[in-house]
Protein chains: 2
Amino acid sequence: MPNSEREFLRVIDRHFPNHAPGLLLGRGDDCAILDPGGPLCVSTDVFVEDVHFRRAYFSPADIGHKALAAAASDLAGMAARPLGFALSLVLPDDAGDMFLDEMLGGMAELSRAIDLPLVGGDLSRGRVLTLDVAVFGAPGPTGRLLKRCTAKPGDALLLVGDIGLARAGLLELEHWGRRDAKRWPGAVAAHLRPTPRIAEGLALAAIETPEGPAVSGLMDVSDGLVRDLPRFLGGFGAELTLARKDLPQEVNAFFTAHSQDPVEAAVLGGEDYALLACADARSAPAVLAELPQTRVIGRVSPEPGLRLNGGQVLRPGFDHFAKPGPG
Amino acid sequence: MPNSEREFLRVIDRHFPNHAPGLLLGRGDDCAILDPGGPLCVSTDVFVEDVHFRRAYFSPADIGHKALAAAASDLAGMAARPLGFALSLVLPDDAGDMFLDEMLGGMAELSRAIDLPLVGGDLSRGRVLTLDVAVFGAPGPTGRLLKRCTAKPGDALLLVGDIGLARAGLLELEHWGRRDAKRWPGAVAAHLRPTPRIAEGLALAAIETPEGPAVSGLMDVSDGLVRDLPRFLGGFGAELTLARKDLPQEVNAFFTAHSQDPVEAAVLGGEDYALLACADARSAPAVLAELPQTRVIGRVSPEPGLRLNGGQVLRPGFDHFAKPGPG
């Protein structure tokens, strides 16, 4: 742990440049000044030790990466272009200088990869390692931001990214710890190092058909599809059509080995950081053509409720309140 | 503690309206969307139990108030007009529904008073009650934001607000607890319920002289004058001229009763949330005329270092790192 705020700021400056396009004033004053040039998206995401992560199997760099990834995913979910982020950090005494350096290093690496500069923040000591990340974004070249609750019955539901993989990784890491969690490297990586789908969000907003923009609504799936879908549908329901062939091989193998249905486990998921979009039935093919990693996973239905492959899904997904232990 | 996120959001909605001018999209999507219409100020401030406050003498409403006040003071320190704030809240299991309701109530009351709507945030359970507040602001009617490090030798240093009072309150509350801290009500209130000086910041930016704006630089004094002044002066120093008559009566009485020099204690201060401004010597009278609560507390000197009434001040002020215990 650094001995003074000045020392901490030196570590910060070593990892994060203090200038960026769209940043009128960087760190070091009462506030940073951004120049969004129009509407500004803001979101915050808090990442708490032993609730969202464990130091037993998260490396310091993983912690830094994931705290930023989870927050940045909310920008992806609006099809926003990253402008900057602020980090409020609560550091316990046992987080030494090397720990801090590695944690900020992991965060800085992702920050560069997605062009999301650190513009400010706050620091406190405290008993529990806590990272709160506020992200700021602006519309991309299209000028459009994509919201939830725009879906209409008959719309196609589209997914970009994997579901269930991070959940498998969490279960594996909780059971075996990091050293022995070797059987499912993709699942473990999905849990420790999720990718915020910034580029895909911007790409989805940019797809045009002769009738106009192809995608009408977007959100990021962070609490599991079963829990996030009702938030997306705004009173309507959905008929989901998902088979094992739509899932990553590790999801099928992991949940089969644990006597769970992989498709059910995947829609419960959690921390997937996938993107969920809707498009009217005529526009969906344009999306699949322009962003081939997109999959159609179902259709919006007029009645509320979620049906999976003709059956009923009732169990709630992921709730940081309802569930003990991290994940 | 609420049983579900939905229940928590209901409590939030009861306390905070979800619409405001300049808010294009309120809570409930991946991000909120602000419409700053130009540059946007952002700052975050984290408020951690047993580091920044103790539940032993902070009421739940005090906690909500002060977490927001400390963050909003950074907007005041740029002369920014409030646009909105986001709250990331980590709630321990022993923070019950009534506690949460009162805490949000105290926050909502200040939010209304300074016209700073809640636009989003995040919630987690966790072992340590932690509130991280991100604030967003825009230039006021003048279009000017006031930064640090603009002072020139010879400039007058101006203060709006009291110094030392919150520090006396902290010492009293730490020693006596809330029930018995009756001797210094002003000091106790300054510690528990500081006022972010939003209106004064905007007023300072608006004062004009025939040569142009009177005030050239501004910051909020949150870590004590001795600590914050060097950050304001950008390499220059200051000759401070402060007498007991410039201090609140309770500051004089409290520190005299504790065998400390009140003026020294006041410049060390901490959590004052006063505003520190600079103006060239010819413009200073215009500031005093238009904002009579302003006091001249000294002058910028060409050499670094702070001199108090002709002597040397060397001791650092307030550092959340260097100092055990809350405050």
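Mentor: Let's go through the chain, the contact between the chains, a sheet and some helix pairs.

Mentor: This is a predicted model, where local features need pLDDT of at least 70, side-chain atom pairs count only at pLDDT 80 or more, and totals for chains, interfaces and linings use all residues. Residues are numbered from 1 along each chain as its sequence is written, while chains are lettered from A and ligands numbered from 1 in the order in which they are written.

Trainee: Okay, how many helices and strands are in chain A?

Mentor: Chain A has 10 helices and 15 strands; these are DSSP runs numbered from the N terminus, helices being H or I with at least four residues and strands E with at least two.

Trainee: And what is the radius of gyration of chain A?

Mentor: It's 20 Å, close to the 20 Å from the globule rule for 327 residues, so chain A is as compact as a globular protein of that length. The radius is taken over C-alpha atoms, and the rule is 2.2 Å times the number of residues to the power 0.38. Along the principal axes, the C-alpha atoms of chain A fill a box of roughly 60 × 50 × 30 Å.

Trainee: Switching to the two chains: what rotation superposes chain B on chain A?

Mentor: A rotation of 180 degrees, with 0.0 Å of shift along its axis and an RMSD of 0.0 Å. That is the relation of a two-fold axis.

Trainee: How many residues does the contact take from each chain?

Mentor: 55 from chain B and 55 from chain A, with contact meaning C-beta atoms, placed from the backbone, within 7 Å. E3(B) gives the largest share of chain B's side, 8 residues. That side divides into 27 nonpolar, 14 polar and 14 charged residues. Here Ala, Val, Leu, Ile, Met, Phe, Trp, Tyr, Cys and Pro count as nonpolar, Asp, Glu, Lys and Arg as charged, and the others, Gly among them, as polar.

Trainee: Which strand of chain A is joined to E3(B)?

Mentor: Strand E2 (residues 32-34) of chain A, running antiparallel to E3(B) with 3 bridges. Leu34(A) stands opposite Leu40(B) there. For strands to count as paired, DSSP must find at least two bridges between them.

Trainee: Now the open sheet in chain B: what's the strand order?

Mentor: The order is E10-E12-E7-E13-E11-E14-E15, 7 strands with mixed pairing. E10 (215-221) and E15 (311-313) of chain B are at the edges with a single partner strand each, so one side of each lacks a neighbour in the sheet. Further in, E11 (residues 237-240) and E14 (residues 306-308) of chain B run parallel, joined by 3 bridges. Glu239(B) has Arg307(B) in E14(B) as its bridge partner.

Trainee: Last topic, helices. At what angle do H4(B) and H5(B) cross?

Mentor: Roughly 95 degrees, with the axes of H4 (residues 165-180) and H5 (residues 185-192) of chain B coming within 7 Å. Axes are lines fitted to C-alpha atoms, for helices over the stretch in contact, and angles run from 0 to 180 degrees between N-to-C directions. H4(B) is thus roughly perpendicular to H5(B). Angles of 65 to 115 degrees count as roughly perpendicular, under 35 as roughly parallel, over 145 as roughly antiparallel and the rest as oblique.

Technical notes:
Contact = placed C-beta atoms within 7 Å. Least-squares fit on C-alpha atoms with pLDDT ≥ 70 in both.
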